[in-house]
Amino acid sequence: MREDAIKSRTGTALALVLLLGGCSFEDGRDASPAPYVTPSALLPEPPPPPPPSPSPSPRPASLRSQASPPAEGKGGRDPDDVNGDGFADLTLVMSHRSWSPDLVIVYGSRNGLNPRTRTVVPGAHLEFDRSTKTADLDGDGFADVLVHGRVALARPNPDIPYILWGGPKGVDPEARPTAVRTPVPPNHFFAETVPGDFDGDGAADLALWTPTTAEARGNDSTMKSLTVLYGPFTREGVPHRRVVHPSEVTLDSGGLVAGRIGGRRATDLLVRESNDGGQSASWLIRGGPGGLPHRSHRLNEGNAVAFGDFDGDGRDDVAVADSGGRNNEPGYETEPPRVDGVMTVYFGGTRRAPQVFRNFKAARTMVAGDYDGDGTDDLAIGRRPDSVELLHGGGNGLRRGGKTIRRLGPATDPTGQKLRPDERPALPWTSADYDGDGRDELLLNWRPINHVPEWGPALSLWWVTDGDRDESAFDTNGW
């Protein structure tokens, strides 16, 4: 693919040669696949030792929550089950103003999520604006928690991925988080890490952006490459192998979204172009026995993305939708008809043509899960201003006509300020089988915008639904 094949809306070349060494789009040229890159080829010297591990920050004892420990588990294959007892768990970051954020794990049970059964990892200096992710990175049968964080007073002080290891009692809040060993020194690392099983061997992997080496890029530190760290990982954060895919991407390259880990099915990876307020293009890389290949397929523009098996054939599909965001620069405030109000579903296991939904309105967030237990994934879509639309999966893909869910936060925020209608809806956050009944629960979340209290954690409200009724609900007040 030529470097000028993709242009941003402002006319700046993105120069995205991402995994396209063996794929042709316009000029029909093919290139030999790049070989696997060995650690010695990545670094002129051995990687430095991991940065110091975070230490808990002191806080008033009266604000520390009392919580019950989880039941001891024996391990399993659920990538969301941190204590291995057969029930998926919820991980989230609780932000504070006066000290560093807490990592909180709420454990599942036969009765679903139990907010009284939780682990709080205090003062780990985690980035509160980043979601946590779980996967069994060392292959011991217990899901581990992947977070991004910074070590206080460390120099350099990079934002890098850390692993908190799961086990029969969940995460040990006193344990030292393990820094992921990246193929470049941590002070040159750009954090963007997602877990998946990209080669389908049952061991979780990590995909992330890393800077292209100075030798290869003429000391241009703004260029990044897609690196895949293949598991299992050691307890020192070292992957089994790693592959750097040739790419040239500007510093503001977009995010990564991985398919859901399940069994020994290879997960796919979606790479999003950066955007300037409007809808951005995506490239899909299908996983397989050898891992992610050096080729990809361009998808329609859309910033809302969700992976799921929407037609029940055992392969991941991906839905890409217009999120409603628009560029506010004169002349760029609109999207073309193929993007505006459109959701496209790309199927993975068949040669079926993509499924296109038009006049679809904006999708603020999208979360896939099998909410009715029929073996195919459904899709929950957070709408403006105050509803969640549920689309059911089936042999022909997604279909409309499902339930509409409405859960609202309070009319005022904790300071008493009145909230606008579009600031009150609870939106789809994630899904998992928290009660072990074979059906996913949809988790909805509401939190006030731009409000972090001086003392105590930021308030958030949670609803656990089966796609219709509430199975439980709780808030984080007093955590």
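Helices here are DSSP runs of at least four residues and strands are DSSP runs of at least two, both numbered from the N terminus.

**View 1. The whole chain of this predicted model.** By that count, the protein chain holds 2 helices and 27 strands. Of its 479 residues, 55% are buried. Take the contacts between residues at least 6 apart in sequence: 53% of them join residues at least 24 apart. The views that follow pick out a few places to look at up close.

**View 2. An open sheet of 4 strands, running β16-β17-β18-β19.** Neighbours in this sheet pair in the antiparallel sense. At the edges stand β16 (304-308) and β19 (355-357); each has a single partner strand, so one side of each is left without a neighbour in the sheet. From one strand to the next, the twist averages 15 degrees. As a reminder, strands of a sheet pair through backbone hydrogen bonds, and they may do so in a parallel or antiparallel way.

**View 3. Strands β17 and β18, paired in the antiparallel sense.** Here you can follow residues 317-321 of β17 alongside residues 343-346 of β18, joined over 4 bridges.

**View 4. A cluster of rings made by Trp429, Trp462 and Phe474.** The aromatic pairs in the model come to 3. In one of them, the ring centres of tryptophan 429 and tryptophan 462 are 5.3 Å apart and the planes stand at 85 degrees, so this pair is edge-to-face. Because tryptophan 429 belongs to strand β24 and tryptophan 462 to strand β26 (residues 461-465), the pair ties together parts that are 33 residues apart in sequence. The rings of tryptophan 462 and phenylalanine 474 have centres 6.4 Å apart with planes at 15 degrees, so they count as stacked. Phenylalanine 474 sits in strand β27 (residues 470-475), so its pair with tryptophan 462 in β26 ties together parts that are 12 residues apart in sequence.

View 5. Tryptophan 429, at 36%, is partly exposed. The cut-off for buried is under 20% relative accessible area.

**View 6. Serine 431, a buried residue in strand β24.** This serine lies in the strand formed by residues 427-432. Its relative accessibility is 7%, which is why serine 431 counts as buried. Which backbone oxygen does the side chain of serine 431 reach? It is that of alanine 368, at 2.7 Å. Beyond residues up to four places away in sequence, serine 431 touches Arg260, Val367, Ala368, Gly369, Tyr371, Glu441 and Leu442.

**View 7. Two arginines, each over the face of a phenylalanine.** Look for arginine 352 over the face of phenylalanine 347, at 4.9 Å from the ring centre. In the other example, arginine 383 lies over the face of phenylalanine 360, and here the value is 4.2 Å from the ring centre.

Technical notes
Residues are numbered from 1 along each chain as its sequence is written. This is a predicted model: local features need pLDDT of at least 70, side-chain atom pairs count only at pLDDT 80 or more; totals for chains, interfaces and linings use all residues. Side-chain values use heavy atoms; hydrogens and water are left out. Buried means under 20% relative accessible area, exposed over 50%, partly exposed in between (1.4 Å probe, protein chains only). A polar contact is a pair of N or O atoms within 3.5 Å; within protein, one must be able to donate a hydrogen and the other to accept it, and residues adjacent in sequence count only if both atoms are side-chain atoms. Contact means heavy atoms within 4.5 Å. Two strands pair if DSSP finds at least two bridges between them. Axes are lines fitted to C-alpha atoms, for helices over the stretch in contact, and angles run from 0 to 180 degrees between N-to-C directions. Rings of Phe, Tyr and Trp (its six-membered ring) pair if their centres lie within 6.5 Å; planes under 30 degrees apart count as stacked, over 60 as edge-to-face and the rest as tilted. A charge sits over a ring if NZ of Lys or CZ of Arg is within 6 Å of the ring centre and within 35 degrees of the ring normal.
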